Amino acid sequence: MKFKPLHDRVLVRRLESDTRTKGGIIIPDTAKEKPQEGEVIAVGAGARDESGKLVPLDVKAGDRILFGKWSGTEVKIDGEDFLIMKESDILGIIEGVAEPSRKAA
């Protein structure tokens with residue numbers, strides 16, 4: 001199934017966080033916080049300004065982003081968990097990092 005967000009909304013897949021601390025201690029699933037980092041999967045066409053002109057989004061599919069702890073709405077598409085959020089919920093784009101790790105469980 002294909003999914004296309006509307007207007008200034010973005011479809012995001014959470015990225016998995018580390019399961020160990022720098023000291024080597026393994027963090028159990030019950031103690032982990034949900035990651036605040038994700039990969040943009042799809043974006044809407046953009047929002048309209050006061051004059052009705054379409055303003056494109058600053059993020060694009062494939063971008064690695066940071067977002068707020070309580071941002072977005074969790075949805076399940078084809079059995080996979082995603083977040084749908086407005087572009088304004090995105091704190092920034094992470095540049096110059098290796099390929100994103102697999103999705104969070």
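Student: Where is lysine 2 placed?
Tutor: Lysine 2 sits in the segment before β1 (9-14), where strands are DSSP runs of E of at least two residues, and helices are runs of H or I of at least four, both numbered from the N terminus. This is a predicted model, in which local features need pLDDT of at least 70 and side-chain atom pairs count only at pLDDT 80 or more, while totals for chains, interfaces and linings use all residues. Residues are numbered from 1 along each chain as its sequence is written, and side-chain values use heavy atoms, with hydrogens and water left out.

Student: Is lysine 2 buried or exposed?
Tutor: Lysine 2 counts as exposed because its relative accessibility is 83%; buried means under 20% relative accessible area, exposed over 50%, and partly exposed in between, with a 1.4 Å probe and protein chains only.

Student: And how many residues apart are lysine 2 and aspartate 78 in sequence?
Tutor: They are 76 residues apart in sequence, and from C-alpha to C-alpha the distance in space is 9.6 Å.

Student: New topic: how many salt bridges are there?
Tutor: The count comes to 7 salt bridges, a salt bridge being a side-chain nitrogen of Lys or Arg within 4 Å of a carboxyl oxygen of Asp or Glu.

Student: Which residue does lysine 86 meet in a salt bridge?
Tutor: The side chain of lysine 86 meets that of aspartate 8, at 4.0 Å from N to O. Lysine 86 belongs to strand β7 (residues 80-86) and aspartate 8 to the segment before β1, so the pair ties together parts that are 78 residues apart in sequence.

Student: Is aspartate 8 buried or exposed?
Tutor: Aspartate 8 counts as buried, because its relative accessibility is 16%, whereas lysine 86, at 36%, counts as partly exposed.

Student: What does arginine 13 pair with?
Tutor: Arginine 13 and glutamate 39 form a salt bridge through their side chains, at 3.4 Å from N to O. This pair links distant parts of the chain, with arginine 13 in strand β1 and glutamate 39 in strand β2 (residues 37-43), 26 residues apart. Both arginine 13 and glutamate 39 are buried.

Student: Last one: where is aspartate 63 found?
Tutor: Aspartate 63 is in the loop between β4 (54-55) and β5 (64-67), and at 9% relative accessibility aspartate 63 counts as buried.

Student: Which residues does aspartate 63 touch?
Tutor: Leaving out residues up to four places away in sequence, aspartate 63 touches Gly38, Glu39, Val40, Asp58 and Ile93, where contact means heavy atoms within 4.5 Å.
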